[in-house]
Amino acid sequence: MSAADGRDSALAIVGVSCRFAGAENPDELWRLLDSGGSGVGEVPPGRWTGAAAEHTPRTGGYLEHVDRFDASFFGISPREAPFVDPQQRLALELGWEALEDARITPDRVRGTRLGTFVGVTGDDYAQLLSPHAQTLATQHALTGVQRGVLANRLAAFLGARGPSITVDSAQSSSLVALHLAGASLRAGESDAALVCGVNLHLLPQSVLLAARLGALSTLGRCFTFDERADGYVPGEGGGAVVLKRLDTALADGDRILCLVRGSATNNDPAGATLTAPTAEAQSDVLTSAYRSAGIAPEAVGYVELHGTGTPTGDPVEAAALGEALGRHRPAGRPLAVGSVKTNIGHLGGAAGIAGLIKVVLSLKHRRLPPSLNFENPNPRIPLDELNLRVQRDAEPWPEEAAEPGDPAGELVAGVSSFGMGGTNCHVVLSDWHPRPPAPAVPAAAPSEVPWLLSARTDAALRDAASRLAGSGAADGTVASAADVAWSLASSRKGFERRAAVVAASHEDLLAGVRGLADGTPAPDVLLSGPAAPGEAAVVFSGGAPKPGGAGAVLSVFPVFAEALTEVCAAFDEVAGEVADMLGLPARARTRLGLEDGTFGAELRRAMTARADDAETGTREPEPRDDGRDQAGAFAFGVAAWRLLTSWGLRPTTVAGHAVGELTAAHAAGVWSLRDAARMTLARGWLSETSPADGARAHRRVLSTIESAAPRLTVASTMLGGTAEPALLQDPAHWLRQAAETGPPADGLALVRDSDLPAFVEAGPDAALTALAERGTTQQRPPSSRWSRRPRTACRSGRWRGCGWRAPTSTGPRCWAAPEWSTCRPTPSSAAATGSKRDPRRPPRKHPPPTARTPSPYPPYPPYPTWTPRTPGARPWPR
C-alpha cells in the first residue's frame with residue numbers, strides 16, 4: 001500500500017512533542033542529538049523486582065518517574081487513575097503538548113475532525129493488573145489497560161471526531177500510524193491528525209523476552225552498522241506530531257516544520273523465519289515510497305535507519321538501501337545514514353516516531369547529527385559498494401543541498417521502521433522553504449512584556465513556573481522576552497489559576513517566574529490570583545483612530561476587520577436619512593461623501609490604511625470636525641468589542657467617554673447597530689448645524705431610535721456613576737450627553753472609583769491607561785498586593801488597567817507582517833483576573849511569528865499515580 005503524494009498533496013508537520021531518555025522535549029532532544037549525547041543508562045531503581053528482574057539486562061534508555069501523572073488535569077477521577085496504563089497517560093501528555101507546539105489550544109479541537117492515530121506494542125500494565133484482578137479491579141480496569149483503546153482515550157479527552165485508531169504492527173507501529181493518518185488526511189476523513197507512539201517497560205519480562213530472542217546487545221549499546229553490532233538496548237518514552245494538509249496549514253498561517261511527501265508499507269513474507277527480513281521486501285517499500293512522493297532516489301540526502309544493530313537486520317537493511325537508493329547516486333556522493341537508537345535505545349512500537357522526530361528536527365536546523373558508536377563497518381556491510389556512509393559527525397546537510405528559500409532544490413530524507421513480523425514502512429520528508437517574507441519593519445524592543453502562566457491548581461502553577469524558568473526559551477539564548485510572551489499567550493489554554501509576570505528585562509522576568517515557583521512572588525512584577533469571570537469592565541475611551549494606526553494593526557484579525565466593515569456599511573445605510581433629519585446643506589453632504597454613498601467606505605479605508613500609505617496620502621486636513629472622528633471612534637470601539645468577546649472576555653460592566661458612551665450602550669444591547677450608527681452620525685454632525693437647529697434635529701433623530709433594556713451595567717462619565725436602565729432609554733439623557741461631555745480624566749476617575757478590580761480599555765491609543773501611568777499611583781494609596789510602580793498594565797489599589805498600545809515603533813516582532821509587528825497588546829491584568837479569552841490566534845493568510853518559541857512547559861505537574869496498595873503488601877507495580 002502506498003500513499004499517492006507529490007508537492008501538491010504534501011502534508012505539513014506543524015507540531016511536535018516527545019519524551020525520551022535524556023530529553024523531556026524536542027529542544028532537549030536536539031541538544032542531545034547534535035552534541036552526540038546518549039540517554040542510555042541503568043533502569044531506574046525500584047522499577048523492577050523479583051526473580052525475572054535478576055536475570056534481565058538493566059541497561060537501556062529509560063524514563064524516570066513513569067508513575068507520575070496529573071490525573072485531574074486530564075479529567076480522570078482518583079478512583080480511575082490507578083487503573084489507567086501509564087502508556088495511555090503518556091499519550092495524553094504528548095498529545096496535549098504537540099497541539100500546543102502547533103499553536104492549537106487543545107480545547108479548540110473539540111468537535112472537529114481531528115484524527116488520532118497511536119502506535120503501541122506491549123501491555124505490561126495489563127499483565128501487572130491481571131494477578132490482582134479479583135481483589136483490586138473495578139469498572140475502570142478494563143478500559144484502563146486495553147491497548148486497543150489508547151487512541152480512543154486521547155480522542156475522548158480532546159473531543160475529536162475524526163478517525164481514532166490504535167496501531168500494533170510490532171516495531172513499525174507508530175510509523176504505520178503516520179502512514180494511515182496521511183491517507184486519512186488526503187481522503188478528507190480528517191482535517192488534522194495527531195500521530196503518537198508510546199512505549200514503556202514496566203515489567204522486566206518484556207525486556208527479558210527480547211534478550212532470550214537474541215535481540216539485545218550484550219555490550220549495553222546499539223552499534224548500528226558497526227563490526228561490534230550484536231543487538232540493541234531497550235528504550236522507552238514516546239513522541240507525537242501534528243499533521244495537516246499543506247494547503248490547510250498555509251491557510252491557517254501555521255509554522256511548518258517540514259513536509260511529508262510520501263509513504264509506503266508492505267509485508268515481508270519470504271524470510272527464513274517469521275522475524276528474518278529480506279532485502280527484496282525492504283527495497284520494494286523504499287522504491288514505492290519515493291515513487292509516491294515523486295522524488296528521484298538520487299535526491300535523497302539522508303535516511304534514518306531502522307538500525308537495530310542486530311547481526312541479521314543491519315546487513316539486510318544496508319543491502320536494500322544500496323539497491324533502492326545508493327546505486328542511483330553519483331560515485332563519491334554516498335548516502336548518509338544513521339540511527340537514533342544509538343542515542344536513546346529501541347523504543348519498540350514508538351521507534352518509528354522517534355526516528356521521524358529526529359529527522360524533523362534535523363530538517364528544521366539543517367544539520368545532520370551523528371550516529372553514535374560507529375568505528376569500523378560490519379564486514380557484511382560493504383559501505384563503499386552500496387554507496388552509503390554512516391553519519392559520524394554533526395555537520396550541515398551536504399553541500400549540494402538547497403539553501404533556505406531557494407525554490408530550485410530541497411532537503412530530502414527518509415525514515416524506515418520495520419516490524420519483526422514483516423510489516424515494513426518508509427516515510428519521505430522534505431524541508432519547507434517558502435518564499436522569503438518581506439523584510440519586517442525594524443522595531444525596538446518593548447519597554448515591558450507580560451509572561452502569562454496558568455494552571456488548575458496553585459501547586460500546578462508553581463510547577464509551571466519552575467518548568468518555564470528552567471526552559472531554554474526563558475534564558476534569552478533561544479528567543480527574546482517578547483517572543484516568549486507571544487508563545488505563552490498564543491499557544492496555551494488559560495486555566496483557573498493564573499499569574500502574569502511583567503518586566504522590562506529577561507533577568508527581571510526570570511526573577512519573577514522563579515519567585516512564583518518558590519512561593520515567594522515579587523510584588524513589583526507579579527500579578528497572581530484565581531480567575532474570576534465578570535470582574536473586568538470594558539471602557540470605550542472615545543478616541544479617534546488615526547490613519548495607519550491601531551485600526552490598521554488590528555485589521556489583521558478577521559473578527560475585527562469584519563466588524564469594521566459591518567459598522568461602516570451601516571453608516572452608509574443610514575447616513576442619508578440622518579442628513580435629511582438634520583437638514584444638512586448640499587455642500588456638507590458633498591464634503592462628507594453622502595451624495596455618492598462613500599462616507600463609510602472612505603472611513604474604513606482611512607482607518608485600515610498602513611502607516612506608510614497614510615504618510616504618502618494627499619488628503620488635506622479638514623478645517624473643522626466633520627463627524628469622521630466620532631464615527632471612527634464608534635467603529636473602532638464596536639470592532640474592538642467584537643474582538644475582545646471573541647477571545648472569551650465576558651465583562652459585566654461597560655463604560656465610555658464622549659462618543660464612547662454610545663459604543664458602551666450599543667455593547668450593552670440598548671441599541672441595534674443601525675440605531676447606534678444613527679446616534680453616532682447625528683452626534684458628530686451637530687457642528688454642521690446651528691445650535692438651535694441642531695438640538696431640534698437631534699431630537700428628531702432620537703425619536704426614531706428603538707431602545708431596549710441593557711443586558712450589562714452601563715457606567716456614565718457624565719453622571720459619574722451607573723446609569724439606570726430607564727435613563728439609557730430616555731432621549732433627553734442622550735441629548736444632554738452630547739452637550740456635556742467632560743475631559744478624558746472623568747472616565748479614568750469613574751473606573752478608578754468603582755468597585756471593579758480590572759478594566760480593559762477598548763480604544764485606539766490607550767488614553768486612559770496612559771493617564772493612569774502618569775499619576776494614578778499618587779491619587780490612591782497602593783495596596784500591598786499591587787505594585788507601586790506604574791506600568792503598561794497599571795495596578796493601584798483595587799483596580800488595574802489593560803489597554804492596546806498605540807501603533808508606534810515599539811512592540812514585539814511576533815509577525816513578519818509589518819502591521820502585526822507594531823501591535824502591542826498588554827493582556828497581563830485581564831489574564832490574571834479571569835478573562836477567559838481565546839488566545840490571540842493568528843489570522844489566516846498571514847505569515848507565522850518570526851521567532852515563535854515552543855511551549856516551554858506543560859500545564860500540569862506530575863503526581864505519583866500507581867495502583868492502590870493491597871492489605872499488607874507493597875505498592876505495585878513491582
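Predicted model: local features only at pLDDT ≥ 70, side-chain atom pairs only at ≥ 80, totals over all residues.
Arg103 turns out to be buried, with a relative accessible area of 3%, where buried means under 20% relative accessible area, exposed over 50% and partly exposed in between (1.4 Å probe, protein chains only). Residues are numbered from 1 along each chain as its sequence is written, and side-chain values use heavy atoms, with hydrogens and water left out.

Arg103 sits in the loop between H3 and strand S5 (114-119); helices (H or I, at least four residues) and strands (E, at least two) are DSSP runs, numbered from the N terminus. Arg103, though not a glycine, has a positive phi of about 60°. His65 is another non-glycine residue with a positive phi, in this case near 55°. His65 belongs to the loop between strand S4 (59-60) and helix H3 (86-101), and with a relative accessible area of 45% it is partly exposed.

Zooming out, the protein chain has 33 helices and 26 strands. Of its 878 residues, 61% count as buried. Contact here means heavy atoms within 4.5 Å, and among contacts between residues at least 6 apart in sequence, 80% join residues at least 24 apart.

Helix H7 (residues 150-158) is largely enclosed by the rest of the structure, because seven of its nine residues are buried. Those residues are Leu150, Ala151, Arg153, Leu154, Ala155, Phe157 and Leu158. The cover over them includes H3, S5, helix H6 (141-145), strand S6 (164-167) and strand S7 (192-199). Ala160 is in the loop between H7 and S6 and, at 13% relative accessibility, counts as buried. Leaving aside neighbours within four places in sequence, Ala160 is in contact with Val109, Thr112, Leu114 and Ala155. Ala160 and Arg108 are 52 residues apart along the chain, and their C-alpha atoms are separated by 9.8 Å.

Asp518 lies in helix H18 (residues 506-518) and is exposed, with a relative accessible area of 62%. Asp518 and Arg462 are 56 residues apart in sequence and 7.1 Å apart in space, C-alpha to C-alpha.

As for the interior, nonpolar side chains in soluble globular proteins tend to be buried together. A nonpolar core is taken as a set of buried Ala, Val, Leu, Ile, Met, Phe, Trp, Tyr and Cys residues joined through side-chain atoms within 4.5 Å. The largest such core has 68 residues, of which Val538, Phe560, Phe571, Val654, Trp671, Leu681 and Trp685 touch the most other members. Helix H20 (residues 558-582) gives the most to this core, with 13 residues. Apart from it lies another core, of 53 residues, including Ala81, Leu90, Ile104 and Leu150.

The structure holds zero disulfides, a disulfide being a pair of cysteine sulfur atoms within 2.5 Å. Cys222 counts as buried at 2% relative accessibility, and Cys568 is buried too, with a relative accessible area of 3%.

On a 1 Å grid over the protein atoms alone, where a 1.4 Å probe fits, a pocket is an open set of points with protein on both sides within 12 Å along at least five of seven lines, and lining residues have an atom within 4 Å of a point. Grid points are joined across faces, edges and corners, and a volume is the space filled by probe spheres set on the points. The second largest pocket has a volume of about 1,000 Å³. It is lined by 46 residues, and the closest to its centre are Gln171, Leu213, Ala215, Tyr232 and Met420. Helix H4 (124-129), helix H9 (204-213) and helix H12 (313-324) each supply at least two lining residues, with H9 giving the most, six. By class, the lining has 18 nonpolar, 24 polar and four charged residues; Ala, Val, Leu, Ile, Met, Phe, Trp, Tyr, Cys and Pro count as nonpolar, Asp, Glu, Lys and Arg as charged, and the others, Gly among them, as polar.
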